[in-house]
Structure formats: C-alpha cells, structure tokens
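Thanks for asking me to look this one over. Please have the structure open beside you while you read my notes.

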Amino acid sequence: MVRILDKSAVQSLSRFNPAKSFTIRRSPQKSGIATIAIRIPVNSQPNRVDLVASVGVRGIKGIGQVLFRVFRGNTEIFNTQQGIESTGSEQNYIVTFQAEDRNVKAGTHSYTVTAENRTANTRVDVVGPISFSGLAVKTRN
C-alpha cells in the first residue's frame, strides 16, 4: 500500500499546433519544455516520484537526434534520446517517457523537462501537445 503525497501536472500545449511551434536548440544549449513542482512532506521516507512526459515534435530538416532530460532542481535524474526524421518520411511524433525519482528529501522540488538537438544541420520543432505530470507517493519500508 502506498500513500499519495502530492501530484502536479502541466499541459502547456493541449494539441498539435504548428502555429505555436518552437525550434529545439542545438546541444549543448537546452530548450525548456515543461516544469512542475512536487512537495514532499517531512517523515515521508521511503518515497518515489513517478514522472510522465509527452512532447509532440516535428522533423523539419534532416534526421535530428533529440536528447530529452528530466531535472530535479539542477540535478539530472533521467534522459532518453529519440531520432526524428523530416520531409520524405515520418515528420510528426509524440515522444513519451516515464522517469522515477526515489527517496526524495522533504521540501518542494522543481522538476523540468528539457530537449536539445544533438545533430548538426538538422531542425526539429516542438509542435505540441506537451504534457508533464508527477505523482509523489510514500512507499513501504
């Protein structure tokens, strides 16, 4: 049995919308995608924070390799990479991933999803939808 400690979610783009798109920056620069705050009460050990993100992207030029990262504050806790093709093949993708953060200290923590394009001379845009959610639970000893 687990006890829910906190939940947070954001949906900054609720649908596919190229008119509201933005280009994912080239590594080592990062594009901020979404941020949520999760509060862990005192005496809530052990615990875990389950995080789920979905980001709609579109390949514009070449085959970009997009590195998605999840940070708690300034500490990277998860990353995954996805290849995104452009014209002449698939162009639109929903990239969904789940991360878990265990035994988080008491306090309010900011979780952020970022993206960076690791391939020169390519372009990948975020076109939506964007959603990011977190659920903190106290687990058994």
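The points below go from the overall fold to single residues.

1. **What kind of model this is.** Please keep in mind that this is a predicted model. The chain contains nine strands and zero helices, so its pattern along the sequence is simply β-β-β-β-β-β-β-β-β.

2. **Overall dimensions and contacts.** The C-alpha atoms occupy a box of roughly 55 × 30 × 20 Å along the principal axes.

3. Of the 141 residues, 42% count as buried. The accessible surface is about 7,500 Å², and carbon and sulfur atoms make up 46% of that.

4. In strand E7 (residues 92-102), Tyr93, Val95, Phe97, Ala99 and Asp101 form a covered face. The uncovered face has Asn92, Ile94, Thr96, Gln98, Glu100 and Arg102. Strand E4 (residues 47-61) runs antiparallel to E7, and eleven bridges join the two. Do look at the spot where aspartate 50 stands opposite glutamate 100 of E7.

5. **The nonpolar core.** The largest nonpolar core has 30 residues, and those touching the most other members are Ile33, Val49, Leu51, Val57, Phe68, Tyr111 and Phe132. At least two residues of this core come from each of E1 (3-13), E3 (31-40), E4, E5 (64-72), E7, E8 (107-117) and E9 (123-138). As a general point, nonpolar side chains tend to be buried together in soluble globular proteins.

6. **Tyrosine 111.** Which residues does tyrosine 111 touch, leaving out those up to four places away in sequence? Its contacts include the core members Val49, Leu51 and Phe132. Also touched by tyrosine 111 are Ala34, Thr35, Ile36, Ile38, Phe71, Arg72, Ile77, Asp101 and Val104.

7. **Threonine 23.** Is threonine 23 buried, partly exposed or exposed? Threonine 23 is partly exposed, because its relative accessible area is 38%, which falls between the 20% and 50% limits. This threonine lies in strand E2 (residues 22-23). Setting aside residues up to four places away in sequence, threonine 23 touches Ser31, Arg123, Val124 and Asp125. Its C-alpha atom is separated by 10.0 Å from that of alanine 115, 92 residues apart along the chain.

Notes
Residues numbered from 1 in each chain as written. Predicted model: local features only at pLDDT ≥ 70, side-chain atom pairs only at ≥ 80, totals over all residues. Heavy atoms only, no water. Helix = DSSP H or I, 4+ residues; strand = E, 2+ residues; numbered from the N terminus. Buried < 20%, exposed > 50% of the residue type's maximum accessible area, 1.4 Å probe, protein only. Areas by Shrake-Rupley, 256 points an atom, 1.4 Å probe, with all protein chains shown as cover. Pairing = 2+ DSSP bridges. Core = buried A, V, L, I, M, F, W, Y, C linked by side-chain atoms within 4.5 Å. Contact = heavy atoms within 4.5 Å.
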